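Dear colleague,

Please find below the structure that I am handing over to you. My notes on it follow directly after.

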Amino acid sequence: MGTLPAGDEAIAPANPSPRPWPFRPVRLAELARKAGRLAGWPDLLFPPACESCGELVEENTNLRTLCPDCRQRIHLVCRPHCPTCGYPFFGEVEEGRLCPHCVELSPRFGEGKTLALLHGPLRPLLLALKYRAGFHVLGALEDLARRHPELPDFLAGAILVPVPLHARKERERGFNQAVLLAGIVSRVGGGRPVLPLLERTRDTPTQTRLDRRQRQRNLKNAFAIRKGVRFDPTLRHVLVDDVFTTGSTLNACATVLRRAGLKHVDVLTFGHG
Ligand SMILES: [Zn+2]
Ligand SMILES: [Zn+2]
């Protein structure tokens with residue numbers, strides 16, 4: 001497995017072996033299903049399997065990529081949680097409590113919300129989307145967002161701004177997962193607008209092995225307002241990304257938005273771990 005792109009270590013497998021056997025049961029079943037669908041065969045021959053545990057997913061479910069057990073095991077994060085990165089506060093919550101995940105971050109955004117913990121079945125869903133163009137998991141991710149009881153309130157009045165990929169990387173990958181996730185959030189929020197307000201101007205080297213300070217240096221001037229895109233700086237803009245890792249990327253984006261005069265910038269991620 002090669003080096004992971006910036007900010008991706010959070011959803012990388014915990015202990016990647018140097019030469020992973022590529023035909024895990026789930027992937028084999030996925031390939032078979034794809035081939036079967038292309039050939040017009042019914043799911044009976046290659047029934048859908050859970051992306052997380054590999055169990056067969058029952059028919060008549062609209063999810064098809066997550067079994068009911070794994071769906072239940074996704075840990076949705078509700079209040080009380082860290083106001084900056086969204087990580088849940090367990091135990092007693094005192095005022096001014098520091099969060100070990102973002103205590104060193106000087107956030108340039110207001111509130112940070114995360115929908116679920118990356119730990120558990122969410123990680124394989126996001127990995128499948130990002131690295132295997134697994135668009136079949138989008139339904140399960142939308143289901144997760146729809147089940148989150150605090151999301152509708154959080155989205156009130158929000159303009160959604162996906163965290164951009166560099167054009168070269170987006171060409172290579174063929175899509176930007178943050179744009180797809182912003183689309184989900186838009187639907188769940190009853191049609192909140194998605195505005196591709198930012199672009200990534202520097203194709204920064206991978207951040208996986210950098211500490212927080214090196215990441216910040218690495219991201220300096222990496223983002224800019226996209227030329228020709230009109231925006232209203234008085235409205236509330238919410239940056240959308242797949243995972244909250246150190247917050248450096250989101251903070252670099254927020255810094256650019258604030259410099260452009262935006263008063264109210266918040267952050268939403270699908271996973272935190
Ligand atoms: Zn499962
Ligand atoms: Zn935090």
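Is helix α9 mostly covered or mostly uncovered, and how many of its twelve residues are buried? In this predicted model, α9 is mostly covered, with nine of the twelve residues buried. These are Ser-248, Thr-249, Leu-250, Asn-251, Ala-252, Cys-253, Ala-254, Val-256 and Leu-257. The elements that cover them include the strands β3 (198–200), β4 (223–225), β5 (236–244) and β6 (264–272), together with helix α8 (212–218). The length of α9, which runs over residues 248–259, was also checked: at 1.5 Å a residue its twelve residues should span 16 Å, and the end C-alpha atoms are 16 Å apart, so the two values agree. After α9 comes Gly-261, which has a positive phi, near 105°.

As for the chain as a whole, it contains nine helices and six strands. Of its 273 residues, 36% count as buried. Among contacts with a separation of 6 or more, 72% are accounted for by residues 24 or more positions apart.

Helix packing

Helix α4 (residues 138–147) and helix α7 (residues 177–188) have axes that come within 10 Å and cross at roughly 45°. The crossing is right-handed. On the side of α4, the contact is made by Leu-138, Leu-141, Glu-142, Ala-145 and Arg-146; on the side of α7, by Leu-180, Leu-181, Ile-184, Val-185, Arg-187 and Val-188. Sorted by class, this contact comprises eight nonpolar residues, three charged residues and no polar ones.

Two individual residues

Ala-128 belongs to helix α3 (residues 122–132). It has 21 C-beta neighbours inside 10 Å and therefore counts as buried, the cut-off being 20 or more. Apart from residues up to four places away in sequence, Ala-128 touches Glu-51, Gly-134 and Val-137. Glu-51 is 77 residues from Ala-128 along the chain, yet their C-alpha atoms are separated by 8.1 Å.

Phe-89 is placed in the loop between α2 (68–73) and β1 (112–117). With 15 C-beta neighbours inside 10 Å, Phe-89 counts as partly exposed. Leaving aside residues up to four places away in sequence, Phe-89 touches Pro-80, His-81, Cys-82 and Arg-97.

Backbone geometry

Most residues other than glycine have a negative phi, and most peptide bonds are trans. Which peptide bond is cis, with omega near 5°? The bond in question runs from Arg-79 to Pro-80. Pro-80, which Phe-89 touches, lies in the loop between α2 and β1.

Ala-133 has a phi of about 50° and lies in the loop between α3 and α4. With 12 other C-beta atoms within 10 Å, Ala-133 is exposed. Asn-221 has a phi of about 60° and is found in the loop between α8 and β4. Asn-221 is likewise exposed, with 10 other C-beta atoms within 10 Å.

With kind regards

Terms used: Residues numbered from 1 in each chain as written. Chains lettered and ligands numbered in written order. Predicted model: local features only at pLDDT ≥ 70, side-chain atom pairs only at ≥ 80, totals over all residues. Helix = DSSP H or I, 4+ residues; strand = E, 2+ residues; numbered from the N terminus. Expected span 1.5 Å × (residues − 1). Contact = placed C-beta atoms within 7 Å. Axes fitted to C-alpha atoms, helices over the stretch in contact; angles between N-to-C directions. Left-handed = near helix turned anticlockwise from the far one by under 90°. Nonpolar A, V, L, I, M, F, W, Y, C, P; charged D, E, K, R; others polar.
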